[in-house]
Amino acid sequence: MGEMQAFVRNPGKKLYQIVYALREFGVGRKVTRTIWKKAPDGSVASYWTITRVRPDRDLSQMRAWGILTWQGIASPSKREIRRILKKQWILLEKDFEIEHRATGHDREQQFIESEV
């Protein structure tokens, strides 16, 4: 018989569970989904930068908006973040955010030029 592969539970949380614990509901912070693939070098290539959060009265739900960076290319406009109730969200550490800005991976201009 062949080996049985272990089932690994998804370690993520619902987005509101993450942002409610952060100052200003995480505005300016970066989050990603556990199901999104990483870049070949192991870095996180796709994530949301939270720009606005509107919490529900009982803090059990919310609506959130942000800028999506998909495979290293940032969207030029803000939009609503979907699937926030899936238990697939993780917060990217501030170290990642500092390193990302320092290495100049921001290819927003390339995204804008490809749209033209």
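**Reading burial, strands and a core**

Visitor: What does Ser 46 count as, buried or exposed?

Guide: Ser 46 counts as buried because its relative accessibility is 3%. The cut-offs are under 20% relative accessible area for buried and over 50% for exposed, with partly exposed in between (1.4 Å probe, protein chains only). A word on the source: this is a predicted model, where local features need pLDDT of at least 70 and side-chain atom pairs count only at pLDDT 80 or more, while totals for chains, interfaces and linings use all residues. Residues are numbered from 1 along each chain as its sequence is written, and side-chain values use heavy atoms, leaving out hydrogens and water.

Visitor: Where does Ser 46 lie, and which residues is it in contact with?

Guide: Look in the loop between β1 and β2. Strands here are DSSP runs of E, at least two residues, and helices are runs of H or I, at least four, numbered from the N terminus. Contact means heavy atoms within 4.5 Å. Setting aside neighbours within four places in sequence, Ser 46 is in contact with Thr 32, Trp 36, Thr 69, Trp 70 and Gln 71. The Ser 46 side chain also reaches the backbone nitrogen of Gln 71 at 2.9 Å.

Visitor: And Lys 38, buried or exposed?

Guide: Lys 38 counts as exposed, because its relative accessibility is 57%. Lys 38 also sits in the loop between β1 and β2. Gln 71 turns up again here: Lys 38 and Gln 71 are 33 residues apart in sequence, yet 8.4 Å apart in space, C-alpha to C-alpha.

Visitor: How do I read the side chains of strand β1?

Guide: In a regular strand, side chains alternate between the two faces of the sheet. In β1 (residues 30-33), Lys 30 and Thr 32 point one way, Val 31 and Arg 33 the other, and all are buried.

Visitor: Which strand does β1 pair with over three bridges?

Guide: Two strands pair if DSSP finds at least two bridges between them. β1 pairs with β6 (residues 89-91) in the antiparallel sense over three bridges, and Thr 32 has Ile 90 as its bridge partner there. β1 and β2 are antiparallel too, over two bridges, with Trp 48 as the partner of Val 31.

Visitor: How many residues does the largest nonpolar core have?

Guide: In soluble globular proteins, nonpolar side chains tend to be buried together. A nonpolar core is a set of buried Ala, Val, Leu, Ile, Met, Phe, Trp, Tyr and Cys residues joined through side-chain atoms within 4.5 Å. The largest one has 16 residues, and those with the most contacts inside it are Leu 15, Trp 48, Met 62, Ile 81 and Trp 89. Two or more residues come from each of α1 (15-19), β2 (47-55) and β3 (62-70).

Technical notes:
Polar contact = N/O pair within 3.5 Å; in protein donor to acceptor, adjacent residues only side chain to side chain.
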